[in-house]
Amino acid sequence: MKRLIYLTIISLLVACNQNVPTGKFTVNANIKGLTDSKVFLKKYTKSGFVIIDSVNSKNGIVQFTGEIDLPELYRVYIESQDFNIPVFIESSTISISTDLKNLELAKIDGSVSDSLLKKLYFQLDSIDTVNKPLYDAYKIASEKNDKNGIKELEAKLNEVGKLQQTSMKNFICKHNSSPVAAFVLYKYLSGETEFQELDSLKNTFDVSIQKSIYIELLNEQLDILRKCKVGQAAIGFSMADTLGKSQKLSSFYGKNLLIDFWASWCPDCRAENPEVVGLYREFSKKGLTILGVSFDTKRENWLKAIRHDSLTWNHVSDLKGWGNAAGQIYGIRAIPSNILLDTKGIIIGKNLTIEELRKKLAVLLK
């Protein structure tokens with residue numbers, strides 16, 4: 001099953017495709033129910049979100065000021081709170097109104113860029129309403145090993161995913177002078193899109209936003225994908241297996257190898273695992289082997305999921321989550337993901353659905 005995007009959002013509808021001025025910004029937040037507490041403003045960097053400012057709230061009132069060149073995604077964090085408030089900051093005065101008990105419902109005004117992103121989220125969410133019952137039915141079919149049901153539901157889920165991707169691609173082309181579009185391409189599509197299409201979409205952006213951090217990140221992702229396109233030799237790596245012994249990717253060559261990127265905490269991965277098990281049973285005696293690469297951080301959870309889901313092939317992990325070294329090498333930004341290699345270690349498929357894998361392997365392993 002292809003990875004889908006699940007978003008719960010609030011809708012702020014405005015017509016936008018205008019140039020946003022650069023300069024100073026002010027963020028005023030009114031958080032009802034918040035007593036005197038430290039509040040942080042964090043900015044996204046290549047190393048993740050980092051604190052750029054902190055203030056002590058007074059009766060829930062907070063203000064941040066700063067300078068900005070191009071609109072960027074920031075987050076407002078409240079000390080001792082799990083949830084944060086994402087906001088696309090630009091050169092303007094931005095207001096945030098919310099309640100401490102419902103931070104996810106924060107109302108944001110004054111940011112053209114933030115409103116533009118929320119408009120897209122609303123559109124994606126309207127598509128996604130169809131998806132949840134399909135996803136629940138898919139999990140039940142997988143547990144029952146209902147092959148016909150799985151095949152039918154997978155096709156429907158993939159159609160929902162395609163609709164979401166088409167909506168985002170249309171958004172990107174329509175708003176190519178906004179860093180928000182570059183953010184959407186990087187955040188939601190760069191892990192789903194092959195090199196040529198991603199490069200083509202990136203090249204649609206106006207020269208005015210070429211210094212955006214999201215363009216920089218897209219260029220880095222493209223450099224990675226360029227090195228691991230279909231037809232290229234797989235890039236080697238070594239990683240510890242479930243016994244702590246280092247395993248080289250090349251040690252699995254000689255058979256068709258499916259590198260399966262997954263994690264115990266990933267619901268889509270766990271729902272798809274029964275199908276991967278079926279695929280392995282069908283083709284392992286004909287020359288298929290699988291190497292599971294886990295994005296787990298806790299060893300016990302990783303091993304428990306392997307046992308529970310009956311994943312009887314080889315597994316490796318460095319227990320670094322999204323920082324997994326193999327994931328970094330191959331630009332994996334969404335899971336489940338997979339890469340199919342031939343017997344010599346040449347990439348012959350990427351991000352294939354179970355049905356696509358079955359058809360390809362049926363031809364390869366006659």
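Trainee: Which residue in S3 does Lys42 stand opposite?

Mentor: Keep in mind that this is a predicted model. In a regular strand, side chains alternate between the two faces of the sheet. Here Lys42 stands opposite Ile51 in S3.

Trainee: How many bridges join strand S2 to strand S3?

Mentor: Eight bridges do so, linking residues 38–45 of S2 with residues 48–56 of S3, and the two strands run antiparallel. Together S2 and S3 make a hairpin, with two residues between them.

Trainee: Which residue of S5 is the bridge partner of Val39?

Mentor: Val39 has Ile78 as its bridge partner in S5. Strand S5 covers residues 72–78, runs antiparallel to S2 and is joined to S2 by five bridges.

Trainee: Now the cavities. How many of 30 Å³ or more does the structure hold?

Mentor: Rolling a probe the size of a water molecule over the atoms shows where empty space is left. In this structure there are three cavities of 30 Å³ or more. The largest cavity contains about 120 Å³ of space. It is lined by 18 residues, and the closest to its centre are Gly191, Leu225, Tyr330, Lys350 and Asn351.

Trainee: Which element gives the most to the lining of the largest cavity?

Mentor: Strand S14, with three residues. Helix H6 (213–227) and S14 (337–341) each supply at least two residues of that lining.

Methods: Residues are numbered from 1 along each chain as its sequence is written. This is a predicted model: local features need pLDDT of at least 70, side-chain atom pairs count only at pLDDT 80 or more; totals for chains, interfaces and linings use all residues. Side-chain values use heavy atoms; hydrogens and water are left out. Two strands pair if DSSP finds at least two bridges between them. Helices (H or I, at least four residues) and strands (E, at least two) are DSSP runs, numbered from the N terminus. On a 1 Å grid over the protein atoms alone, a cavity is a set of points where a 1.4 Å probe fits but cannot get out, and a pocket is an open set with protein on both sides within 12 Å along at least five of seven lines; lining residues have an atom within 4 Å of a point. Grid points are joined across faces, edges and corners, and a volume is the space filled by probe spheres set on the points.
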